[in-house]
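These are my notebook entries on one structure, kept in the order in which I looked things up. I put the sequence and the model first, and the entries follow.

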Amino acid sequence: MPGIDELVVGILALSGGEIIGRIRLQKVVYLLDQLGMNSDAQFEYHHYGPYSEVVSDAVTDAKFWGQIKETVRFRVVDGAPYSSFKTSSEAPGALGALAADDARPLLEKFSGCTSTVLELAATVHWLAFVEKVPDWRTEIEARKKGKTGNGRLEKALALLQ
């Protein structure tokens, strides 16, 4: 089984060579794990939903070894920083236990979502299946005030389908 840093590089490669945003990258790894990638990364709940320090460390390691490049940019609207992760590595044949042919359409689906929708999808999964919150809908409304509106929660639920 490849190391988590190799999986992160593979995810970037299968995503067209780039993923924008640390939150997006964390949620993509989490969701792919739930779909069979089996990275063995341990996740815990943080402010933006499931988070893995191991994934964060893997990004640092892959940057150190020159496998990925991180560029920090700033949003025009408010000047907030965000990261862009790029790789020129070739796409792998698999991401852990998930075949590349199975992972590619999932990554395309994820790329069509905002990072907030991915955050909500990962959080719904976490609440329902990890914390086993019976009324996860009320709980997500409480934890993610302001994020669940404008159809975003519905898009997250559709993504989980």
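With which residue does Glu119 form a salt bridge whose closest N and O atoms are 2.9 Å apart? I found that the partner is Lys147, where a salt bridge is a side-chain nitrogen of Lys or Arg within 4 Å of a carboxyl oxygen of Asp or Glu. The pair links distant parts of the chain, since Glu119 sits in helix α5 and Lys147 in the loop between α6 and α7, 28 residues apart. Helices here are DSSP runs of H or I with at least four residues, strands are runs of E with at least two, and both are numbered from the N terminus.

Before going on I noted the ground rules. The model is predicted, so I kept in mind that local features need pLDDT of at least 70 and side-chain atom pairs count only at pLDDT 80 or more, whereas totals for chains, interfaces and linings use all residues. Residues are numbered from 1 along each chain as its sequence is written, and side-chain values use heavy atoms, with hydrogens and water left out.

**Entry: more on salt bridges**

I counted 8 salt bridges in the structure. Glu119 also meets Lys144 in a salt bridge, at 2.6 Å from N to O. Because Glu119 lies in helix α5 (residues 115-130) and Lys144 in the loop between α6 (136-143) and α7 (152-160), this pair ties together parts that are 25 residues apart in sequence. I then looked up accessibility, for which buried means under 20% relative accessible area, exposed over 50% and partly exposed in between, with a 1.4 Å probe and protein chains only. Glu119 is buried, with a relative accessible area of 2%, and Lys144 counts as buried at 2%, while Lys147 is partly exposed at 22%. Salt bridges that share partners also join Arg22, Lys63 and Glu70 into one network. Within that group, the side chains of Glu70 and Lys63 meet at 2.4 Å, N to O, and Lys63 is partly exposed with a relative accessible area of 32%.

**Entry: helix α1**

How many of the 11 residues of helix α1 are buried? I found 10 of them buried in this helix (residues 4-14), so it is largely enclosed by the rest of the structure. Among the buried residues are Ile4, Asp5, Leu7, Gly10 and Leu14. The buried residues of α1 pack against β1 (18-20), α2, α3, β5 (81-86), β6 (94-95) and α4 (100-111), with contact taken as heavy atoms within 4.5 Å. After α1 comes Gly16, which has a positive phi near 85°.

Ser84 is in strand β5, and I noted it as buried, at 0% relative accessibility. Not counting residues up to four places away in sequence, Ser84 touches Glu18, Ile19, Ile20, Lys69, Glu70, Thr71 and Arg73. The C-alpha atoms of Ser84 and Val72 are separated by 6.3 Å, although these two residues are 12 apart along the chain.

**Entry: the loop between α2 and β2**

Asn38 lies in the loop between α2 (22-34) and β2 (44-46), and this residue has a positive phi of about 60° although it is not a glycine. Asn38 is partly exposed, with a relative accessible area of 37%. Asp40 is in the loop between α2 and β2 and has a phi near 70°, a positive value in a residue other than glycine. Asp40 counts as exposed, at 63% relative accessibility.

**Entry: a negative patch**

Which residues form the negative surface patch? I listed Glu44, Glu53, Asp57 and Asp61. A patch of this kind is made of residues with over 30% relative accessible area and no salt bridge, like charges being joined within 9 Å, and nonpolar side chains (Val, Leu, Ile, Met, Phe, Trp, Tyr) within 5 Å. Helix α3 (residues 53-64) gives the most to the negative patch, with 3 residues. Glu44 is placed in strand β2 and is partly exposed, with a relative accessible area of 48%.

Conventions:
Accessible areas come from the Shrake-Rupley method with a 1.4 Å probe; for residues, only the protein chains shown count as cover. Lys and Arg count as positive and Asp and Glu as negative; His and the chain ends are not counted. The place of a charge is taken as NZ of Lys, CZ of Arg, CG of Asp or CD of Glu.
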